[in-house]
Amino acid sequence: MSETQQETLSFQTEVKQLLHLMIHSLYSNKEIFLRELISNASDACDKLRFKALKDDALLAEDGDLAIRVEFDKEANTVTITDNGIGMNRDDVISNLGTIAKSGTAEFLQSLTGDERKDSQLIGQFGVGFYSSFIVAKAVDVYTRKAGEAVDQGIHWHSAGDGEFSLADIERPQRGTTIVLHLKPEEKEFADGWKLRSLIRKYSDHIALPVQMVKESYDAEEGEDKAEVKAPEWETVNSAKALWTRPKSEISDEEYQELYRHISHDFGDALSWSHNKVEGKLDYTSLLYVPKKAPYDMWNRDRVRGLKLYVQRVFIMDDVEQFLPLYLRFTKGIVDSNDLPLNVSREILQSSDAIDSMRSALTKRVLDMLSKLAKKSPEDYQAFWDEFGQVLKEGPAEDPTNNEKVAKLLRFATTHTDEPAQNQSLADYVGRMKEGQDKIYYVAADSHATAKNSPHLEVFRKKGIEVLLMSDRIDEWLMGYLSEFDGKSFVDVARGGLDLSGVETEEEKEAQKQANDDHKDLLERLKTLMADEVEDVRMTHRLVDSPACIVVGENDMGAQMRRIMEAAGQKVPDSKPIFELNPEHPLVHRLEQEQSEERFSDLASILLEQARLAEGSHPKDAASYVSRLNRLLLDLAR
Ligand code: ADP
């Protein structure tokens with residue numbers, strides 16, 4: 001190979017950081033380099049086969065796609081070759097010199113230096129090709145893109161230390177050869193038995209043949225005997241698309257390996273669902289729920305979706321049309337027998353077949369989750385902790401499956417002391433008081449604020465459970481959940497508190513009476529606070545607190561208001577209702593106050609405290625402080 005135009009380039013900073021971290025934290029899992037390289041080789045062959053659907057000349061010179069693994073004990077190298085799509089100079093620079101993923105900087109910042117945690121994070125991020133440097137002190141890549149001239153080959157070389165060199169080469173065959181120059185201490189990988197067992201372990205599910213040269217063993221020494229004559233290649237893996245095999249013949253480990261291949265996740269899948277559909281539509285789906293959320297779960301632009309195959313031929317990645325956005329954590333493949341091989345993204349967007357596949361696949365994922373919740377509550381809880389917030393987008397996005405999604409939701413409640421979201425709505429309903437016909441909830445911006453909300457006082461007194469919500473999305477979610485199991489949801493901080501069924505006639509009467517008895521006080525307050533509140537009234541929802549504020553039935557709740565304001569959005573003006581506890585000594589004190597100034601101080605302090613208790617700031621903090629200090633000074637006198 002004649003090399004010309006040698007050029008040395010520097011890795012992107014992120015790559016340097018990643019390489020450094022990876023070599024140190026993935027050390028205990030180093031054998032995965034082979035899986036990563038075979039996975040890339042397989043993708044490269046898939047891409048070529050897809051391109052060749054339109055241009056069959058691309059495959060003409062060499063139609064049998066395969067991946068070959070070789071080793072050389074003396075040179076201490078392992079070599080992986082594919083006859084897939086290959087790369088040209090620009091491809092090499094961007095693919096093997098940078099990390100193109102969005103969110104890379106954030107990912108790198110999230111690393112802690114703690115080896116175990118970091119290796120987990122790196123796993124979620126995916127390292128691919130760069131994992132070569134866990135075992136190799138230097139790597140050569142020889143590649144030529146399918147369809148380009150023989151002299152358009154490229155040789156990439158790097159010792160993983162910050163830079164790489166590029167040179168033009170002649171390369172008769174298309175595709176990519178990667179030569180790993182193993183570190184001396186990694187020589188165990190330059191071994192036929194070792195490599196075969198790794199291929200079977202990690203790459204059995206790869207649909208292409210992964211081949212090695214047939215070896216003959218010396219019976220006494222057990223050593224390899226070099227086969228000098230024309231090498232005879234044998235296929236080491238099963239080389240059959242895993243999802244085409246009957247479920248009963250596939251082991252969990254095989255499912256997990258396919259998951260790792262398609263998800264670029266190092267970890268395990270939590271659960272999967274493998275189905276063959278025949279009839280009007282004919283397709284196979286294999287859907288996975290990951291154990292861990294990818295590092296960029298919250299990045300709206302991140303690629304997502306399922307892989308599409310048509311009759312076993314890979315067509316495209318990231319087909320978003322198969323699942324709604326709130327199930328975007330799902331990974332998997334769909335292999336259709338109906339779609340045309342030349343199907344395009346445009347066709348996918350307006351196809352009846354895709355629509356019905358989408359609703360069937362959506363149901364599959366939801367069913368898989370509810371099965372998991374039933375069979376293994378602990379695993380389901382792990383799922384919820386990772387992806388619960390995403391699933392909460394469901395009721396808004398997918399009204400047809402509202403009920404199914406509602407069953408999958410988990411909440412923190414006053415029933416337990418822990419902040420964990422681990423109670424289902426069915427759990428709640430099972431514990432409802434006799435006569436109770438509503439599901440009560442409170443939404444605040446932290447669990448502590450929700451738990452200590454004055455609005456809960458009457459519920460605690462009566463022993464009625466309340467759902468405690470503190471995710472940003474919760475109030476919005478509740479806007480799309482109107483009832484569960486025939487019971488409607490009631491925000492305890494909103495409107496006239498509906499305690500129907502759990503309130504006695506006497507209690508109702510007492511509340512009315514209190515409003516009559518304290519008419520003068522209420523009028524005085526209404527006049528004083530006309531600009532700030534919609535109404536002032538006596539309430540039975542408080543036990544220990546003197547006052548609280550309540551949102552109008554159709555007004556925006558406090559949590560949502562804060563989110564919108566923080567996002568710089570205009571929020572419609574609405575005044576809350578100020579409610580007082582007729583039993584509270586401070587309210588009695590207020591009622592008896594003759595001095596207008598003192599009355600105004602005390603009333604205003606009660607209102608600001610009510611705002612504080614629900615997690616808001618006082619409207620006018622400086623005046624709140626000076627009023628409070630005036631009262632404190634009175635005390636000191
Ligand atoms: P990932 O596979 O997650 O995209 P990698 O770092 O493993 O990340 O690879 C980066 C890119 O390099 C791939 O997306 C692919 O475009 C290209 N690449 C890697 N290996 C090969 C190969 N054997 N043949 C062709 N392209 C490859």
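**Alanine 239**

I began with alanine 239, which counts as partly exposed because its relative accessibility is 24%, a value that falls between the 20% limit for buried and the 50% limit for exposed. I should record at once that I am reading a predicted model. I placed alanine 239 in the loop that runs between β11 (233-235) and α9 (252-263), and I noted that its phi is positive, about 55°, although the residue is not a glycine. I wrote this down since most residues other than glycine have a negative phi.

I then turned to aspartate 485, another residue other than glycine with a positive phi, near 55°.

**Serine 616**

Is serine 616 buried or exposed? I have it as buried, because its relative accessibility is 17% and the limit for that class is under 20%. Serine 616 belongs to the loop between α23 (596-613) and α24 (621-636), and its side chain makes a polar contact of 2.7 Å with the side chain of glutamate 614.

**Domains**

I looked up the domain assignment of the protein chain, which gives domain 1 as 3-239, domain 2 as 243-375, and domain 3 in two segments, 515-551 and 574-636. Between the C-alpha centres of domain 1 and domain 3 I noted 71 Å.

**Helix α11**

Does the span of helix α11 (residues 352-375) agree or disagree with 1.5 Å a residue? I found agreement, because its 24 residues should span 34 Å and the end C-alpha atoms are 34 Å apart.

**The ligand**

I next went through the surroundings of the ligand, where I found Asn40, Ala44, Lys47, Asp82, Met87, Asn95, Val127, Gly128, Phe129, Thr176 and His264. By class, this shell divides into four nonpolar, five polar and two charged residues. Which element gives the largest share of the shell around the ligand? Helix α2 (residues 32-52) does, with three residues.

I then looked at individual polar atoms, starting with aspartate 82, which has a polar side-chain atom 2.9 Å from a nitrogen atom of the ligand. An N or O atom in the side chain of asparagine 95 lies 3.3 Å from an oxygen atom of the ligand, and for histidine 264 I noted a polar side-chain atom 3.3 Å from a ligand oxygen. How much of the accessible area that the ligand has on its own does the protein cover? My entry here is 80% of 530 Å².

Conventions
Residues are numbered from 1 along each chain as its sequence is written. This is a predicted model: local features need pLDDT of at least 70, side-chain atom pairs count only at pLDDT 80 or more; totals for chains, interfaces and linings use all residues. Side-chain values use heavy atoms; hydrogens and water are left out. A residue is near a molecule or strand if one of its heavy atoms lies within 4 Å of it. A polar contact is a pair of N or O atoms within 3.5 Å; within protein, one must be able to donate a hydrogen and the other to accept it, and residues adjacent in sequence count only if both atoms are side-chain atoms. Accessible areas come from the Shrake-Rupley method with a 1.4 Å probe; for residues, only the protein chains shown count as cover. Helices (H or I, at least four residues) and strands (E, at least two) are DSSP runs, numbered from the N terminus. Ala, Val, Leu, Ile, Met, Phe, Trp, Tyr, Cys and Pro count as nonpolar, Asp, Glu, Lys and Arg as charged, and the others, Gly among them, as polar. The expected span of a helix is 1.5 Å times one less than its number of residues. Domain bounds come from an automatic or database domain assignment. Buried means under 20% relative accessible area, exposed over 50%, partly exposed in between (1.4 Å probe, protein chains only).
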